[in-house]
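This report looks at charged side chains and helices in one protein model. Please keep the sequence and the structure in view while reading.

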Amino acid sequence: MTAEEKILYKLRKARKKEERLATALNKIEPTESSETTHDPEILTPEEHFFFLKMGLKCKNYVPVGRRGIYQGVILNMHLHWKKHQTLKVVVKTFSPEEVKEIAAELARLTGGIVLDIHEDNTIIMYRGKNYSQPPTEIMSPRVTLSRKKALDKSKYRDGLRAVRKYIPKLEQDLELLRAQAANNFNPVEHVPNADDQNVGSGKSSSTPLEGSNKLKEFLDESKELTENESKTDLLLASESEDLSDIFETESDAETEEREEQPLFLDEFEKFPVESDGEPEDFEEHLRQITMGSKVPVTSEEDVNSPNFDEVDRIFLRAASLLKKKRS
């Protein structure tokens with residue numbers, strides 16, 4: 001099958017489906033026509049404003065889903081009106097125009113008054129001044145559909161809506177295909193320009209030459225990018241090697257200096273125990289320094305003075321050696 005034959009086949013199939021859904025939708029509608037006239041009560045502007053404000057503040061509501069209006073919706077509305085004067089009917093999955101039709105149908109079936117349609121999906125209704133709960137025949141009228149039939153009706157309605165949106169698209173595709181075939185019928189006599197292609201098809205078509213040029217440009221750009229990346233990698237590698245050499249040399253120099261520097265404990269161990277012309281007892285030597293003379297003086301206080309610890313002796317020895325070096 002060619003492209004045109006495929007589109008024609010889909011178009012015939014869609015039209016048959018549309019006819020089938022339309023007949024099914026007409027069959028499922030209720031046979032008895034509701035000819036009850038609705039004569040709503042007349043409200044003054046003050047009463048209308050008061051009941052509308054009350055309806056906006058109230059929390060009781062009745063949802064209307066994909067099934068639309070059926071017996072359960074009417075029954076729930078009358079049960080709410082048993083204790084409340086106003087009521088919200090929240091309508092979902094319907095357009096604003098269909099919401100207006102649903103509001104008129106609800107007012108006709110229930111005998112209530114439509115005060116306002118709020119936000120295109122909420123119908124605010126008032127039960128009436130002299131309201132009394134009707135019998136069950138009126139609360140769930142036979143004119144409306146049952147729950148199951150209402151669901152079937154919604155399926156047929158949604159399918160019919162989708163098919164009616166799909167048929168114009170197929171017709172448009174068929175016209176475009178025929179226009180393209182007429183333009184490409186004799187390519188020697190008529191060479192289509194870019195303007196003709198935009199007018200005939202409405203879409204920009206790229207020639208093979210343009211595609212090859214774009215491919216070459218893309219390949220050139222990719223090569224340049226790879227070369228730049230390789231250069232940057234080489235520069236980074238050289239910089240990292242230089243830095244590693246610097247750090248290695250610095251580390252080697254530092255290790256050599258540390259090896260050359262002796263520890264302080266080793267210096268303390270190398271200190272001579274006996275000094276030239278100085279006594280071995282550092283306590284006496286310290287006393288001589290304080291007294292300003294190097295001659296040892298023995299007294300009863302020196303004999304009774306307490307002995308120094310090993311740490312004190314080490315500090316005393318270090319102080320004496322430092323004094324020697326300075327002198």
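## Charged pairs and helices

Glu171 counts as partly exposed because its relative accessibility is 33%. The model in which this value was computed is a predicted one.

Glu171 forms a salt bridge with Arg15, and the closest N and O atoms of the two are 2.8 Å apart. Glu171 belongs to helix α6 (residues 147-183) and Arg15 to helix α1 (residues 3-28), so the pair ties together parts that are 156 residues apart in sequence. Arg15 is also partly exposed, because its relative accessibility of 39% lies between the 20% limit for buried and the 50% limit for exposed. In general, side chains of opposite charge can pair when their charged atoms come close.

How many salt bridges does the structure hold? The number is eight. Three of them, including the pair just described, are set out here.

| Glu171 | Arg15 | 2.8 Å |

With a relative accessible area of 32%, Glu29 is partly exposed.

Asp158 counts as partly exposed at 33% relative accessibility, and Arg66 counts as partly exposed at 38%.

Which residues form a negative surface patch? They are Asp220, Glu221, Glu224 and Glu227. Of these residues, Glu221 is found in helix α8 (residues 208-260). Its relative accessibility is 48%, so Glu221 counts as partly exposed. An α-helix has 3.6 residues a turn, so residues three or four places apart point the same way.

The last topic is another helix. Helix α12 (residues 310-326) has 17 residues. From its first C-alpha to its last, α12 reaches 25 Å, close to the 24 Å expected at 1.5 Å a residue. Which residues of α12 are buried? The buried ones are Leu316, Ala318, Ser320 and Leu321.

Conventions: Residues numbered from 1 in each chain as written. Predicted model: local features only at pLDDT ≥ 70, side-chain atom pairs only at ≥ 80, totals over all residues. Heavy atoms only, no water. Patch = residues over 30% accessible without salt bridge, like charges linked within 9 Å, V, L, I, M, F, W, Y side chains within 5 Å. Areas by Shrake-Rupley, 256 points an atom, 1.4 Å probe, with all protein chains shown as cover. Salt bridge = Lys/Arg side-chain N within 4 Å of Asp/Glu carboxyl O. Lys, Arg positive; Asp, Glu negative; His and termini not counted. Charge placed at Lys NZ, Arg CZ, Asp CG, Glu CD. Helix = DSSP H or I, 4+ residues; strand = E, 2+ residues; numbered from the N terminus. Buried < 20%, exposed > 50% of the residue type's maximum accessible area, 1.4 Å probe, protein only. Expected span 1.5 Å × (residues − 1).
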